[in-house]
Amino acid sequence: MAERTAALQAALAKSEQRQAEMMAVLAENERQRQEIQALSVPILAVRDGMLVMLLVGALDGVRLALAQQRALQAVSDSRARWLLVDVTGVPFLDQAAADRVIALARSVRLLGARLVLIGVGPEVAQTMVGLKMELHAIDVVRDLRDALLRFSS
């Protein structure tokens, strides 16, 4: 009986050790996932009071929510007056993504800054018009160079 108890205790200890190792691996995976997500929505300071957020690829709800969170925090932290959102690498926008862009523009405005949409491609432009997006809260310029020239002060 003592041998069996010792064997069960050893097996339990080994199982607990494996579980602790698996939990450490899961925690590291989660940290890496969060880091990769943050890198998927870079926000760069290009001059005093001006940030650029680069969006590339398909924009799903998770990425857009992350982009909104990071953008608002960056605008607040830096006290930026302009948030340039570069969508040059975005192949298309659906209704949900378009709504999030509008919501981001409104939120940025509440922080005392202005959203400037740059790099709108033909497909995105057609989608925006087709969805009847309200663009009065958003400035739109051709590219980053034009934005820097137009909004530098």
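The structure is a predicted model. Its largest nonpolar core has 32 residues, and the count of cavities of 30 Å³ or more comes to one. The model also holds three salt bridges and one aromatic pair.

- In soluble globular proteins, nonpolar side chains tend to be buried together.
- The element that gives the most to the core is H3, with seven residues.

**Largest cavity**

- The largest cavity holds about 70 Å³ of space.
- Its lining is formed by Met 53, Leu 55, Leu 64, Ala 67, Gln 68, Val 85, Arg 100, Val 101, Leu 104 and Leu 115.
- Strand S2 (50-56), helix H2 (61-78) and helix H3 (95-110) are the elements that each give two or more residues to this lining.
- Sorted by class, the lining consists of eight nonpolar residues, one polar residue and one charged residue.

**Aromatic pair**

- A pair of aromatic rings is described by the distance of the centres and the angle of the planes.
- Which residues form the aromatic pair, and how are their rings arranged? Trp 82 and Phe 151 form it in a tilted arrangement, with 4.5 Å from centre to centre and 40 degrees between the planes.
- Trp 82 belongs to strand S3 (residues 82-89) and Phe 151 to the segment after helix H5 (144-150), so the pair ties together parts that are 69 residues apart in sequence.
- Trp 82 and Phe 151 are both buried.

- Side chains of opposite charge can pair when their charged atoms come close.
- Arg 114 and Asp 139 form a salt bridge through their side chains, at 3.0 Å from N to O. This pair links distant parts of the chain, with Arg 114 in strand S4 (residues 114-118) and Asp 139 in strand S5 (residues 139-141), 25 residues apart.
- Asp 146 counts as partly exposed because its relative accessibility is 27%, whereas Arg 142 is exposed, with a relative accessible area of 67%.
- Through shared partners, salt bridges join Arg 114, Asp 139 and Arg 150 into one network.

**Selected loop residues**

- Arg 79 lies in the loop between H2 and S3. Its phi angle is near 60 degrees, a positive value in a residue other than glycine.
- With a relative accessible area of 72%, Arg 79 is exposed.
- Leu 135 is located in the loop between H4 and S5, and at 35% relative accessibility Leu 135 counts as partly exposed.
- The C-alpha atoms of Leu 135 and Ile 102 are separated by 7.9 Å, while the two residues are 33 residues apart along the chain.
- His 136 is likewise found in the loop between H4 and S5. His 136 is exposed, with a relative accessible area of 61%.
- From C-alpha to C-alpha, His 136 and Gln 69 are 22 Å apart in space, and they are 67 residues apart in sequence.

Key:
Residues numbered from 1 in each chain as written. Predicted model: local features only at pLDDT ≥ 70, side-chain atom pairs only at ≥ 80, totals over all residues. Heavy atoms only, no water. 1 Å grid on protein atoms, 1.4 Å probe; cavity = no way out; pocket = protein on both sides within 12 Å on 5 of 7 lines; lining within 4 Å. Points joined across faces, edges and corners; volume = space filled by probe spheres on them. Helix = DSSP H or I, 4+ residues; strand = E, 2+ residues; numbered from the N terminus. Nonpolar A, V, L, I, M, F, W, Y, C, P; charged D, E, K, R; others polar. Phe/Tyr/Trp six-rings, centres within 6.5 Å; stacked < 30°, edge-to-face > 60°. Buried < 20%, exposed > 50% of the residue type's maximum accessible area, 1.4 Å probe, protein only. Salt bridge = Lys/Arg side-chain N within 4 Å of Asp/Glu carboxyl O. Core = buried A, V, L, I, M, F, W, Y, C linked by side-chain atoms within 4.5 Å.
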